[in-house]
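Please keep the sequence and the model in view while reading.

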Amino acid sequence: MGTRPVKERRRGQRVPLTFHVEVSGIGLNGIPYSDHAVACDVSDRGCQVHLTREVKVGDLVTLRVVRREIAPQEQEGPFLYQAVWVEPTENGDGWIAGLAALEAGHPWGVYFPQESLIPES
């Protein structure tokens with residue numbers, strides 16, 4: 001018996017770019033937080049983010065790309081995302097989460113091919 005292929009979790013075409021981001025939300029202790037993190041493997045529908053703070057599947061977070069060349073008050077965002085999967089890092093120093101965008105926007109400053117805008121069937 002063979003193994004079944006793992007279902008692709010992504011709904012849009014991803015681009016292997018890395019961004020420094022600020023992730024904010026309500027922690028497991030109920031206290032608001034704002035942490036710096038790294039987002040990668042981005043699309044118009046989401047990203048993968050490397051976090052030092054634990055989040056749970058279903059958690060809502062806001063994400064803002066930190067652009068050093070632009071004054072903070074002139075930067076876009078934050079944008080609302082939801083954690084759709086979370087795994088501990090291999091070395092145990094944090095978590096990797098897949099975030100799905102819950103609102104339209106262009107946080108990455110990248111425009112994606114139109115096929116990524118077609119709803120999942």
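In which strand is Ser 43 found? Ser 43 belongs to strand β2, which covers residues 32-43. The model is a predicted one, in which local features need pLDDT of at least 70 and side-chain atom pairs count only at pLDDT 80 or more, while totals for chains, interfaces and linings use all residues. Residues are numbered from 1 along each chain as its sequence is written, and side-chain values use heavy atoms, with hydrogens and water left out.

The protein chain has zero helices and six strands; here helices (H or I, at least four residues) and strands (E, at least two) are DSSP runs, numbered from the N terminus. Along the sequence, the pattern reads β-β-β-β-β-β. Of the 121 residues in the protein chain, 36% are buried, where buried means under 20% relative accessible area, exposed over 50%, and partly exposed in between (1.4 Å probe, protein chains only). Among contacts (heavy atoms within 4.5 Å) in the protein chain between residues at least 6 apart in sequence, 57% join residues at least 24 apart.

The pairing of strands, which requires that DSSP finds at least two bridges between them, may be followed from β1 onward. Strands β1 and β2 run antiparallel and are joined by ten bridges. They form a hairpin with five residues between them, and Gly 30 in the turn has a positive phi of about 85°. Within this pair, Glu 22 stands opposite His 36 of β2. Strand β2 also pairs with β3 in the antiparallel sense, over four bridges, and a hairpin connects β2 to β3 through two residues.

Ser 43 takes part in this second pairing, with Gly 46 in β3 as its bridge partner. Is Ser 43 buried or exposed? Ser 43 counts as buried because its relative accessibility is 1%. Its side chain reaches the backbone nitrogen of Arg 45 at 2.9 Å.

Attention now turns to charged side chains. Side chains of opposite charge can pair when their charged atoms come close. A salt bridge is a side-chain nitrogen of Lys or Arg within 4 Å of a carboxyl oxygen of Asp or Glu, and by this rule the count is three. In one of them, Glu 22 pairs with Arg 64, the closest N and O atoms being 3.4 Å apart. This pair links distant parts of the chain, since Glu 22 is in strand β1 (residues 15-26) and Arg 64 in strand β4, 42 residues apart. Arg 64 is buried because its relative accessibility is 15%.

Another salt bridge brings together the side chains of Arg 53 and Asp 35 (2.7 Å, N to O). Arg 53 lies in the loop between β3 (46-51) and β4, whereas Asp 35 lies in strand β2, so the pair ties together parts that are 18 residues apart in sequence. Arg 53 is partly exposed, at 31% relative accessible area, and Asp 35 is buried, at 15%. Lys 56 and Glu 54 also form a salt bridge, with their closest N and O atoms 2.9 Å apart. Lys 56 counts as partly exposed at 39% relative accessibility, and Glu 54 is likewise partly exposed, at 27%.

Finally, the surface may be considered. The protein chain exposes about 8000 Å², of which carbon and sulfur atoms supply 54%; accessible areas come from the Shrake-Rupley method with a 1.4 Å probe, and for residues only the protein chains shown count as cover.

Conventions
Polar contact = N/O pair within 3.5 Å; in protein donor to acceptor, adjacent residues only side chain to side chain.
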